[in-house]
Amino acid sequence: MATGGQFLTIPGLVASAAIAQYSSVKLASTAGQVKICSATTDECIGVIQNDPAAAGEPAEVAFLGLAKALVEASAAAGDFVGPSVTGRLKAVTADNGLIVGYVAEGASATAGDIFSVMLTGPARY
């Protein structure tokens, strides 16, 4: 079971459209808005912790600390993770891959599972 903990958020952000809870997000072209990550090369800024149902709704984006996230494919405790093409996080093993943190506990083999991630801020693998 995934557990969340204390995390820091980026204040004042809103969703550019509906975003599924625990998805990875990036900045949108409109100032102050975020949208779901849709490529492994997207500059992910964090993971959304609330569930905005429409554009303009507040977006609670965790960028540092222990948070919950959706997993794309199998991931285990200690694996570095970064954005996937679906907005979920996936294990990153390739050089220069973007990472936002690592799996803090547990493991998952099913796409769409929720797991605990220690967000460390964007970096390159």
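Predicted model: local features only at pLDDT ≥ 70, side-chain atom pairs only at ≥ 80, totals over all residues.

Let me begin with strand β5 (residues 46-48), which is joined to β6 by 2 bridges, the two running antiparallel; strands here are DSSP runs of E with at least two residues, numbered from the N terminus, and two strands pair if DSSP finds at least two bridges between them. Within that pairing, Val47 stands opposite Ala62 in β6. Residues are numbered from 1 along each chain as its sequence is written, and side-chain values use heavy atoms, with hydrogens and water left out.

Strand β1 (residues 7-9) also pairs with β6, in the antiparallel sense and over 3 bridges, and there Leu8 has Leu64 as its bridge partner.

Turning to β12, we find that β6 (residues 61-70) is joined to it, antiparallel, by 6 bridges, with Leu70 partnered by Ile114 and Leu66 standing opposite Met118. Strand β10 (residues 98-105) pairs with β12 as well, antiparallel over 6 bridges, and Val103 has Val117 as its partner.

Finally, consider Arg124, which lies in β12 (residues 114-124) and touches Glu43, Asn96, Gly97 and Leu98, leaving aside residues up to four places away in sequence; a contact means heavy atoms within 4.5 Å. Arg124 and Leu98 are 26 residues apart in sequence, yet their C-alpha atoms are 4.7 Å apart in space. Arg124 counts as partly exposed because its relative accessibility is 43%, which falls between buried, under 20%, and exposed, over 50% (1.4 Å probe, protein chains only).

Notes
Helix = DSSP H or I, 4+ residues; strand = E, 2+ residues; numbered from the N terminus.
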